[in-house]
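The sequence and the structure come first.

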Amino acid sequence: AKLLEYGVEVEVLDNYLSVETLQTVKLKGYVLENCEFTNDGVVYIKMPRDVINKYGVTDEEAASQVGLIGSIEGYPCYCLFIEYPNEVRIRIRSRGPRVDKLANKYGGGGHEKAAGAHLDSWDELDTFIKDFNSLCKYYKETGKVDYKVYLKDKEYTIEKTNHNEEEISIILSEALEQDQITELKNSLKEE
């Protein structure tokens, strides 16, 4: 609505945002045709330098294809490997477990559901996939993740994502109540 107030023409903006180059569309076909699947819920695509050159796209255009494989049912973990001159960078995504700690292990970082990391060479790919598989398999079997909630400037961890809202509310209420009791005991000790 704000854009309309500034005179932005919605049709022009939509046409601009909806158009992709022919090279990008062809690259999407490559991604969908060549992505690889594991038995534990990970889907990934490798973007070696020759593929990027073949399709005539930028590194950023190639790397942005990670979202293309992110909506496949039964595969909550996905990533894209892109070759650079001295390393292989990884864009790691998840609709389930946290991936930031995995990214840290591989020299990267990021957010709970979207992170980046790197490998020194393609030789390390199998080890990374093994680690990502373990994370995804555990999540699929247990539903457990490190899910953090911040309330009253404190961090609380809820291990299961399959709690409903009422259960989460009870867990947080109990945690807050326990904190208040602890704080009261500590203040009485100080007096």
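Two strands count as paired if DSSP finds at least two bridges between them. In this predicted model, strand E4 (residues 87-94) and strand E6 (residues 114-119) meet that rule, pairing in the antiparallel sense over six bridges. Within this pair, Arg 91 stands opposite Gly 116 in E6.

Helix H7 (residues 125-142) packs on the sheet and touches E2, strand E3 (77-84), E4 and E6. The direction of H7 makes about 165° with that of E3.

The sheet as a whole is open and has six strands, in the order E1-E2-E3-E4-E6-E5, with mixed pairing. Strand E1 (36-37) and strand E5 (109-110) stand at its edges; each has a single partner strand, so one side of each is left without a neighbour in the sheet.

Another helix, H3 (residues 22-34), lies across E1 and strand E2 (42-47). H3 runs at about 130° to E2.

| Helix | Reference strand | Angle |
|---|---|---|
| H3 (residues 22-34) | E2 (42-47) | about 130° |
| H7 (residues 125-142) | E3 (77-84) | about 165° |

Cys 136 is buried, with a relative accessible area of 0%. Cys 35 also counts as buried, at 10% relative accessibility.

Methods: Residues numbered from 1 in each chain as written. Predicted model: local features only at pLDDT ≥ 70, side-chain atom pairs only at ≥ 80, totals over all residues. Heavy atoms only, no water. Buried < 20%, exposed > 50% of the residue type's maximum accessible area, 1.4 Å probe, protein only. Helix = DSSP H or I, 4+ residues; strand = E, 2+ residues; numbered from the N terminus. Contact = heavy atoms within 4.5 Å. Axes fitted to C-alpha atoms, helices over the stretch in contact; angles between N-to-C directions.
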